[in-house]
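My notes follow in the order I looked things up.

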Amino acid sequence: MLPLVIIFVLGVGNFAMHKAVLESGHPLLGQMPWFVHMLSGRLTLATEFMVLLAAMMLAANGWPLLVWAYVAYSGLNAVAAWLILTDQV
């Protein structure tokens, strides 16, 4: 149960970071492929949801150590969001 809670909380944070980056208007977003812009980033948010759903389903079905992989994924997302939002890239 605890791995699911941890993954869910990290997933909420990932969605918040993702949305902040999409709304930042950073020039890097202009270099994304056409299909990213097609639905105003909703396709990438749907992909984020699918990653969260897969992680939660795997953790619920006997892969409790998957939480560490999702922690690493969330950490990479946090670093990337920080770099983009603070104009480091």
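I started with contacts, meaning heavy atoms within 4.5 Å. Among those in the protein between residues at least 6 apart in sequence, 72% join residues at least 24 apart.

A note on what I'm reading: this is a predicted model, where local features need pLDDT of at least 70, side-chain atom pairs count only at pLDDT 80 or more, and totals for chains, interfaces and linings use all residues. Residues are numbered from 1 along each chain as its sequence is written, and side-chain values use heavy atoms, with hydrogens and water left out.

**Overall layout**

I counted secondary structure next and got 4 helices and 0 strands, in the order α-α-α-α along the sequence. Helices (H or I, at least four residues) and strands (E, at least two) are DSSP runs, numbered from the N terminus. The C-alpha trace spans about 40 × 25 × 15 Å along its principal axes. Of the 89 residues, 24% count as buried; the cut-offs are under 20% relative accessible area for buried, over 50% for exposed, and partly exposed in between, with a 1.4 Å probe and protein chains only.

**α1 against α3**

I took the helix pairs one by one. Two packed helices are described by the angle between their axes and the distance between the axes. Here axes are lines fitted to C-alpha atoms, for helices over the stretch in contact, and angles run from 0 to 180 degrees between N-to-C directions. For α1 (residues 2-23) and α3 I have axes that come within 10 Å and cross at roughly 170 degrees. The two are therefore roughly antiparallel; angles under 35 degrees count as roughly parallel, over 145 as roughly antiparallel, 65 to 115 as roughly perpendicular and the rest as oblique. By class, this contact has 13 nonpolar, 4 polar and 2 charged residues. For the classes, Ala, Val, Leu, Ile, Met, Phe, Trp, Tyr, Cys and Pro count as nonpolar, Asp, Glu, Lys and Arg as charged, and the others, Gly among them, as polar.

**α3 against α4**

The axes of α3 and α4 come within 9 Å and cross at roughly 160 degrees. That makes this pair roughly antiparallel too. I noted the crossing as left-handed, the term for a near helix turned anticlockwise from the far one by less than a right angle, with right-handed for clockwise. On the α3 side I listed Glu 48, Val 51, Leu 52, Ala 55, Leu 58 and Ala 59, which meet Leu 66, Tyr 70, Tyr 73 and Asn 77 of α4. These residues divide into 8 nonpolar, 1 polar and 1 charged.

**α1 against α4**

Are α1 and α4 roughly parallel or antiparallel? They pack at an angle of about 20 degrees with their axes 10 Å apart, and are therefore roughly parallel. This crossing is left-handed. The contact residues divide into 15 nonpolar, 4 polar and no charged.

**The core**

Which residues make up the largest nonpolar core? I found 7 in all: Ile 7, Leu 52, Ala 55, Ala 59, Leu 66, Val 67 and Tyr 70. The elements giving two or more residues to this core are α3 (42-60) and α4 (66-85). A nonpolar core here is a set of buried Ala, Val, Leu, Ile, Met, Phe, Trp, Tyr and Cys residues joined through side-chain atoms within 4.5 Å.

**Met 17 and its partners**

Met 17 sits in helix α1 and is partly exposed, at 22% relative accessible area. Beyond four places in sequence, Met 17 contacts Ser 74, Asn 77, Ala 78 and Ala 81. Ser 74 lies in α4 and counts as buried at 6% relative accessibility. Ser 74 also touches Leu 10 and Asn 14.

Last stop was Asp 87, in the segment after α4. Its phi is near 55 degrees, a positive value in a residue other than glycine. Most residues other than glycine have a negative phi. Asp 87 counts as exposed, at 58% relative accessibility.
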